[in-house]
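Dear colleague,

I am handing over the structure below, and after it you will find my notes on what turned up when I went through it. Please keep the structure open beside you as you read.

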Amino acid sequence: MDYSGDPGDALAPDDIDDLARRAQDGDRDALELLLAAVRPRVLNICRGVLPYSGDAEDACQEALLNVATKIASWGGRGRFTTWLHIVSVNSARTTYRRLKNLATPTDFEDGTHDRPDPRTTSVIAGTRLDLLEAMDTIEKDHPQYVEPLLLRDVYGLPYDEIAVLVDAPLGTVKAQIHHGRKLARPLLRGEP
């Protein structure tokens with residue numbers, strides 16, 4: 001297979017899987033080609049969570065670094081692009097949390113209430129803040145529900161593919177999504 005074309009040219013899913021397998025086996029050229037091929041997809045995923053382009057770029061770079069350093073954790077059972085989706089969403093959520101922490105005044109004890117950085121605050125306001133907050137709340141007590149719920153309800157992956165990705169039986173995945181939805185509904189409505 002010749003992957004020497006323009007990195008902007010979309011590769012077929014089988015070609016991406018092949019590059020990922022070669023990269024897992026230590027082929028540095030394959031890893032470079034893979035990262036170049038998937039970067040537009042990763043950036044689009046990050047933009048879906050963080051519409052401010054600078055923050056989406058940061059999350060994209062973090063995701064690509066995670067792909068390069070953790071490619072061995074892709075099990076090879078499902079499509080590489082599905083695993084990539086999870087890595088990208090997690091990077092975007094990590095970036096969101098970092099921005100949220102930057103935008104929260106932390107010095108209340110001495111009476112000075114520093115104003116949050118308006119750029120950061122406006123960036124957070126441009127995200128799906130309600131959804132990200134709900135996932136963070138659910139993750140505290142029920143972390144097993146978050147990934148399947150995001151994969152199903154945000155990214156529309158089929159249940160069987162999610163089961164492969166999270167390495168759980170299909171029935172367990174369906175139950176996790178059901179319970180996650182029950183927990184998310186009141187949070188998304190703004191109920192305590």
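The first thing to look at is a salt bridge in which the side chains of aspartate 14 and arginine 79 meet, with 2.7 Å from N to O. This pair links distant parts of the chain, since aspartate 14 belongs to helix 1 (residues 13–24) while arginine 79 sits in the loop between helix 3 (53–70) and helix 4, 65 residues apart. Aspartate 14 is exposed, with a relative accessible area of 52%, whereas arginine 79 is partly exposed at 32%. Please bear in mind that this is a predicted model, and that what I describe here is computed from it.

In one of them, the side chains of arginine 93 and glutamate 139 meet at 3.2 Å, N to O. Here too distant parts of the chain are linked, with arginine 93 in helix 4 and glutamate 139 in helix 6 (residues 129–141), 46 residues apart. Arginine 93 is buried because its relative accessible area is 5%, under the 20% that sets the limit for that word, while glutamate 139, at 29%, counts as partly exposed. These two residues also belong to a network of salt bridges that links Arg93, Arg97, Asp136 and Glu139.

In the other, the side chains of aspartate 153 and arginine 181 meet at 2.6 Å, N to O. Aspartate 153 lies in helix 7 (residues 143–154) and arginine 181 in helix 9 (residues 170–188), so the pair ties together parts that are 28 residues apart in sequence. Aspartate 153 is partly exposed at 40% relative accessibility, and arginine 181 is also partly exposed, at 26%.

The UniProt record, in an unreviewed entry, lists residues 143–182 as "domain: RNA polymerase sigma factor 70 region 4 type".

Finally, is serine 88 buried or exposed? With a relative accessibility of 0%, serine 88 counts as buried, and its place is in helix 4 (residues 80–103). If its neighbours within four places in sequence are left aside, serine 88 is in contact with Val42, Ile45, Cys46 and Ala63.

Notes. Residues are numbered from 1 along each chain as its sequence is written. This is a predicted model: local features need pLDDT of at least 70, side-chain atom pairs count only at pLDDT 80 or more; totals for chains, interfaces and linings use all residues. Side-chain values use heavy atoms; hydrogens and water are left out. Helices (H or I, at least four residues) and strands (E, at least two) are DSSP runs, numbered from the N terminus. Buried means under 20% relative accessible area, exposed over 50%, partly exposed in between (1.4 Å probe, protein chains only). Contact means heavy atoms within 4.5 Å. UniProt positions are given in the numbering used here, feature names are shortened, and annotations may be inferred rather than shown by experiment. A salt bridge is a side-chain nitrogen of Lys or Arg within 4 Å of a carboxyl oxygen of Asp or Glu.
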